Structure formats: structure tokens, C-alpha cells
Amino acid sequence: MFSSVTMEQTALITGAAKRIGKAVALYLAEQGWNLAIHYHSSGRAANALQEELEKTYPNQKFVLFKSNLQNPFAVEALIPEVLKEFGDLNLLVNNASVFEGSSIQETTFDLLDRQMMINYRAPFLLMRDFARLVDRGIIINFVDTRITTSNSDHAAYSLSKKALWELTKMAAVEFAPNFRVNAIAPGVTLPPEDKDESFLWKLAAKIPMKRPGGAEPILKSLEYILNNDYLTGQLLFCDGGENLAVR
Ligand SMILES: NC(=O)c1ccc[n+]([C@@H]2O[C@H](COP(=O)([O-])OP(=O)(O)OC[C@H]3O[C@@H](n4cnc5c(N)ncnc54)[C@H](OP(=O)(O)O)[C@@H]3O)[C@@H](O)[C@H]2O)c1
């Protein structure tokens with residue numbers, strides 16, 4: 001009853017080639033899931049992940065799906081393509097994201113468009129299609145602990161994640177009882193690709209837990225969401241208390 005082992009079940013993870021998405025893919029594969037591994041520009045990393053998973057779990061199925069989530073036609077094609085390949089889909093993890101800093105006044109049209117289309121419109125359309133095309137399932141959306149503040153240093157990014165959290169709750173109501181829809185809000189987790197660990201520790205000094213979280217708390221929250229079949233419309237912070245206070 002408490003096991004998350006879900007043999008012959010399939011998950012679609014967006015942005016799964018690297019970093020948190022890859023950690024989610026490795027975790028779900030270990031739990032017995034078949035995976036639709038979505039990526040955009042990280043073809044080499046996606047291929048390496050697929051190869052590693054196929055070698056480790058030869059009885060499971062791992063298929064790569066390349067698409068640009070800024071393109072609405074590519075987004076609308078994704079769930080049908082996954083269903084064509086796997087026949088069914090049981091879990092959608094909206095992980096792919098772009099993270100660009102700029103205040104409201106500095107925000108260009110292109111930056112606003114990227115942030116909203118990739119971080120908000122794409123998950124919206126994928127959730128819609130999942131609920132339309134599949135009988136029942138679980139959706140997990142990655143937001144950010146930043147949604148609790150009104151800091152405008154990453155204005156468009158923060159607003160895209162605030163919108164995704166509102167959508168999470170709305171979908172939890174509309175899609176129930178056959179779908180559960182929840183969100184995970186990481187905080188200081190992994191450094192941006194152009195920064196190192198010391199950057200992360202500097203940020204972490206300001207949060208209650210005083211250390212970066214890494215992927216582990218996120219995977220524990222993922223496991224909790226999968227195993228708790230009465231949980232819907234909820235947000236699990238994986239942020240070492242950052243949503244409460246930053247000093
Ligand atoms: N890292 C953190 O500390 C942190 C903190 C708070 C919240 N989060 C949230 O947690 C999630 C994972 O974080 P992360 O740092 O691992 O994410 P990330 O590395 O910034 O991005 C994940 C993936 O998103 C994909 N992506 C970007 N633009 C795309 C596009 N146009 N079309 C399709 N895919 C696109 C990329 O795939 P390709 O590489 O294949 O192009 C990328 O690998 C995100 O939703 C993020 O907002 C992370």
C-alpha cells in the first residue's frame with residue numbers, strides 16, 4: 001500500500017537530460033517506471049542517460065523526445081507522441097524551465113515571452129492534454145520558493161512560477177478525482193550552470209537551514225506525492241525554510 005513501485009507505468013519528465021530532471025528520471029527508473037525522457041538542446045546528455053538506464057534496467061522502456069517547449073505546436077504534439085509510443089501515460093512531471101534575471105523595467109519582450117511560454121504555457125498545455133487524453137494520472141509541477149516573495153530581481157521567472165502554482169491548484173480541482181496535481185518548490189538546490197558550489201553556499205548562508213539542499217529533498221517529496229493518494233493541490237517546499245525567512 002505504501003510502495004511507489006509502479007510496474008508497467010510510464011512517466012513523462014520534461015527537461016530530463018540533466019540536473020534535477022535527470023535526478024527525477026534516475027529515481028523513477030529505480031522505482032520501476034518506464035520513461036518518456038523529454039529534452040531540447042541537451043541531446044548528448046539525453047542519449048547518455050537513455051543508454052545508462054537501458055543498461056541498468058533492461059526490462060523497462062526509455063524513449064527520448066526532443067522538442068522546443070517555446071513552440072506551441074511542439075508542445076501540443078508531445079503527449080500524443082508519448083501515447084503513440086507507450087500506449088498509456090500515468091505521470092507528468094513539468095520540470096523544464098528557463099531562469100533569467102531581470103527587473104520588471106529591464107524585461108524585454110523576448111525574455112518575458114521565453115519565461116512565460118516555457119515555464120507556464122507549456123506545462124498548461126501538457127496538463128490539459130494529459131487530462132484530455134488519459135483516464136487517470138498524477139501531475140507534478142516544479143515551481144520555486146521564490147513564489148512566496150514579491151522580489152522583482154527575476155520578475156518574469158517568478159511570475160511564471162506563481163502562475164504555475166495557481167494553475168496547479170485549479171487543475172487539482174478540475175481534474176479530480178481521477179488526477180492528482182501537486183507542486184514542488186525547490187530553493188537553494190543546484191548552482192546555475194555558469195556558477196559553482198561556493199555560489200550556492202553563499203546563498204544558503206541566508207536561509208534557516210544554512211546549507212544547500214541538493215536533489216535529495218526533492219526526490220523525497222516526489223516519493224511522498226506518489227505514495228499519498230489523497231494528496232492533491234498541495235505545494236511541498238524543498239527549500240530549507242527559505243519561504244519563511246531570508247536573512
Ligand atoms: N536548480 C535550482 O536550484 C532550482 C531552484 C528553484 C526551482 N527550481 C526549479 O526546478 C526545476 C529544475 O531545475 P533545474 O535547475 O534542474 O532546471 P534547468 O537546468 O534550469 O532546466 C531544466 C531543463 O529545462 C529545459 N529547457 C529549457 N528551455 C527549454 C525549451 N525551450 N524547450 C524544452 N526544454 C527546455 C532544458 O533542457 P535541455 O538542456 O535539453 O535544453 C534544461 O535542461 C525547474 O523547474 C526550476 O525552475 C530549481
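**Overall fold, helix packing and ligand shell**

The protein contains seven helices and seven strands, and the coordinates described here are those of a predicted model. Along the sequence, these elements follow the pattern β-α-β-α-β-α-β-α-β-α-β-α-α-β. The radius of gyration is 17 Å, close to the 18 Å that the globule rule gives for 247 residues, so the protein is as compact as a globular protein of that length. Taken along the principal axes, the box filled by the C-alpha atoms is roughly 50 × 40 × 35 Å.

Helix α4 spans residues 109-133 and helix α5 spans residues 155-175, and their axes come within 9 Å and cross at roughly 15 degrees. Because angles under 35 degrees count as roughly parallel, α4 and α5 are therefore roughly parallel to each other. The crossing of these two helices, α4 and α5, is right-handed. On the α4 side the contact is made by Leu111, Leu112, Gln115, Met116, Asn119, Tyr120, Pro123, Phe124, Met127 and Ala131, while α5 supplies Ala156, Tyr157, Ser160, Lys161, Ala163, Leu164, Leu167, Ala171 and Phe175. By class, the contact of α4 with α5 comprises 15 nonpolar, three polar and one charged residues.

Helix α4 also packs against helix α3 (residues 72-86), the two axes coming within 9 Å and crossing at roughly 35 degrees. The crossing of α3 and α4 is right-handed. In this contact, Pro72, Val75, Glu76, Leu78, Ile79 and Leu83 of α3 meet Arg121, Ala122, Leu125, Leu126, Asp129, Phe130 and Leu133 of α4. The residues of the contact of α3 with α4 divide into ten nonpolar and three charged, with no polar residue.

Ile20, Ala23, Val24 and Tyr27 of α1 form the contact with Ile218, Leu219 and Leu222 of α7. The contact of α1 with α7 is made up of seven nonpolar residues, with no polar and no charged residues.

The ligand is surrounded by 24 residues, of which the closest are Gly15, Arg19, His40, Ser97 and Thr189. Helix α1 (residues 19-30) gives the most to this shell, with three residues. By class, the residues of the shell around the ligand divide into eleven nonpolar, ten polar and three charged. Arg19, which is listed among the closest residues to the ligand, is placed in helix α1 and has a positive phi of about 55 degrees although it is not a glycine.

A further local backbone feature is found at Pro177, where the peptide bond from Ala176 to Pro177 is cis, with omega near 5 degrees. Pro177 lies in the loop between α5 and β6 (179-186).

Notes. Residues numbered from 1 in each chain as written. Predicted model: local features only at pLDDT ≥ 70, side-chain atom pairs only at ≥ 80, totals over all residues. Near = placed C-beta within 6 Å. Helix = DSSP H or I, 4+ residues; strand = E, 2+ residues; numbered from the N terminus. Nonpolar A, V, L, I, M, F, W, Y, C, P; charged D, E, K, R; others polar. Axes fitted to C-alpha atoms, helices over the stretch in contact; angles between N-to-C directions. Parallel < 35°, antiparallel > 145°, perpendicular 65-115°, else oblique. Left-handed = near helix turned anticlockwise from the far one by under 90°. Contact = placed C-beta atoms within 7 Å. Rg over C-alpha atoms; globule rule 2.2 N^0.38 Å.
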